[in-house]
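Please read them with the sequence and the structure open beside you.

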Amino acid sequence: MNLRESRRQTFYMYMFISPWIIGFLVFALYPILSSLYFSFTDYDIIHPPRFIGLANYTEMFHNDLFWKSVTVTLRYTFISVPVQLLLALGFALLLHQTIPLRGFFRTAMYFPSMVSGVAMSLLWYWIFNPQIGLFNYILSWFGIQGPAWLMNPDTALYALIIMTFWTAGSGMILFLAGLQSVPASLIEAANLDGAGRFRIFLNITLPMISPVLLFQLIMGLIDSFQVFTQAFVMTQGGPNYSTWFYVYNLYTSAFKEYRAGYSSALAWVLLVVVMLFTAIIMKLSKRYVHYEGGGHK
Amino acid sequence: MSILKATGSRPSLSRPRPKVEPVKVFSFITLVVTTFLMLLPLFFMVSTSLKSKREMLKFPPTFLPESWQWSNYKDIFDTLQFGTMYMNSLIIAGLSVFGTLLSSALVAYGFARYRGKGNQFWFILLLSTMMLPYPAIMIPQFVLFSKMNWIDTFLPLIVPAFFGSAYNIFLLRQFFTTLPDELFDAGRIDGCGELRMWRTIALPLSGPALATVAIFAFIYSWNDLLTPVLYLSSSEKFTLPVGMASLTSSRFRIPPWHLLMVASVLAMVPIVTLFAVAQKQFVEGIVLTGIK
């Protein structure tokens, strides 16, 4: 590439990507840096911020509600994300076979994912109702007396975890797309070599779809750390703070208690934790994730 | 050819006829059971939305309404300015989709087709913003938008979409890199400008990828609760999720489940419609762009 050509390429590249660069500076970089500054201040959004050093951070580590929100969020994430991934992969493997009614099953599995957000929270709010809800009614078919789900501090978080499994269909679609890209010739060759079903899955299919798995694991973690809607609509963080999610805590501190400085400190801790988790997973996955052609994307 | 099928069709010596494979029978039964469980809540969502106020409180819940209250679907529009909220959500989601498509397609094209200086740097920066949790930036954004007097307007919910979103840029960029260079060389020889090549060559070839982005952007905006909760304060500006969330608030001792289910069913309509229209393109888009 000669100099003129290279200049031309650079010019047009920046012309096309400039909307994002502007957006990045205004809606991401500037807010992140201000958030860092606010986190060292006492700030109620109305009056100008007042510098107080590390006070917000020291308070955070001595605050019971902060630790409660960390435990709740981690417990929720570490159960719901892996189980949901396994379910999605399981469904995808089942539906990758030629099987009667395959199209119907695929659509039916995906359908619940179209009811996300508030509508889903409302529906499951009713399902978990101990008096009239569907969940305990189904349990009663098997002679089980269900708990008061969302009203019981011991079960509320698990109810919200159960709810996430209902949308495994969206992950399934991504896995199905991944499975389609596994070359049939590889599997046939392994089959001829006498490899069993399980070995083929472990040695061929799984490595081939590992990038999809990694992508979903990271996105799943990041989403899960940010759970808000369920807490806002269904439980208001209760009962007895059993669903006091991190972002719900952050929202309450900023917009109910008007402690935007403290809340910014919470935001920065979240940011750092997300980056750490992503970095660790990426590092660990280097050995296990297979990209075609050995390159990286 | 599927994995399990391929491995399942090992030559069998005992029987020459095509046999019923046990793995498939097991799969089929598993699928029937799970599909039943997956669809049951949806079924009750629709069925409860057609029950009377008295029937919705019955236990055990009735599978089908005893008397079909189609009027519920009219009543919801008399409660809580449901029609207004629906329109607000449609306007916001519609404009967000337009903004996301326009900006993300431009930016993705820039990343995919030009090997300019700094391409890698900006692209990695773009990817790393996918990790950026919205709550980490929401307070300064709130301060910024309130300084601009945008509180209680739709602008904070729409304008950022016009600056591209990382996930969608990434997805479209993956797609644009698969378009053959020859097409663009030919266009250049014909004296086609860069922006015109984007519009007349790249975009028309990207139907499935653009449809996928449109669906993602629509769902994101349609379901979002946190941003409208922060920015919209007067009830006639509420979006559907904000309005629906207020239906469970404390002013109802017993939540009006039948109306909540009507609202949930109606909230699903645009998304289901979108999928029905664009399903083929959507699935193709996911396969082509290879989200991996």
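1. Helix α6(A) is followed by Gly143(A), whose phi is positive, near 75 degrees. Six of the eight residues of this helix (residues 134-141 of chain A) are buried, so α6(A) is largely enclosed by the rest of the structure; here buried means under 20% relative accessible area, exposed means over 50%, and partly exposed lies in between, with a 1.4 Å probe and protein chains only. The buried residues are Leu134(A), Phe135(A), Asn136(A), Tyr137(A), Ile138(A) and Leu139(A), and they pack against α5 and α7 (156-165) of chain A together with α2 (22-48) of chain B. Helices (H or I, at least four residues) and strands (E, at least two) are DSSP runs, numbered from the N terminus.

2. A word on the basis of these comments: this is a predicted model, in which local features need pLDDT of at least 70 and side-chain atom pairs count only at pLDDT 80 or more, while totals for chains, interfaces and linings use all residues. Residues are numbered from 1 along each chain as its sequence is written, chains are lettered from A and ligands numbered from 1 in the order in which they are written, and side-chain values use heavy atoms, with hydrogens and water left out.

3. Chain B has 14 helices and zero strands. Of its 292 residues, 56% are buried. Among the contacts (heavy atoms within 4.5 Å) in chain B with a separation of 6 or more, 73% are between residues 24 or more positions apart.

4. How many residues of chain A are in contact with chain B? The contact involves 106 residues of chain A and 102 residues of chain B. Between them the two chains bury about 9600 Å², 79% of it on carbon and sulfur atoms, where buried area is the accessible area (1.4 Å probe) that two parts lose on being put together, summed over both. Phe16(A), Trp20(A) and Arg197(A) supply 9% of the area that chain A buries against chain B, more than any other three residues.

5. The count between chain A and chain B is one salt bridge, meaning a side-chain nitrogen of Lys or Arg within 4 Å of a carboxyl oxygen of Asp or Glu. In that category, the side chains of Glu194(B) and Arg8(A) meet at 3.0 Å, N to O. Glu194(B), which counts as buried at 7% relative accessibility, also forms a salt bridge with Arg188(B), with the closest N and O atoms 3.6 Å apart. Salt bridges that share partners join Glu5(A), Arg8(A), Asp185(B), Arg188(B) and Glu194(B) into one network.

6. Asp185(B) is partly exposed, with a relative accessible area of 38%, and Arg188(B) is partly exposed at 34%.

7. Over all chains, a search of the whole structure finds nine salt bridges. One of them pairs Arg259(A) with Glu59(A), whose closest N and O atoms are 2.8 Å apart. Arg259(A) lies in the loop between α12 and α13 of chain A and Glu59(A) in helix α2 (residues 55-61) of chain A, so the pair ties together parts that are 200 residues apart in sequence. Arg259(A) is partly exposed, with a relative accessible area of 28%, and Glu59(A) is partly exposed at 29%.

8. What lines the second largest cavity? Of its 14 lining residues, the closest to its centre are Ser116(A), Ala119(A), Trp222(B), Asn223(B) and Ala267(B). The lining divides into 11 nonpolar, three polar and no charged residues, with Ala, Val, Leu, Ile, Met, Phe, Trp, Tyr, Cys and Pro counted as nonpolar, Asp, Glu, Lys and Arg as charged, and the others, Gly among them, as polar. A cavity is a set of points on a 1 Å grid over the protein atoms alone where a 1.4 Å probe fits but cannot get out, and lining residues have an atom within 4 Å of a point.

Notes:
1 Å grid on protein atoms, 1.4 Å probe; cavity = no way out; pocket = protein on both sides within 12 Å on 5 of 7 lines; lining within 4 Å.
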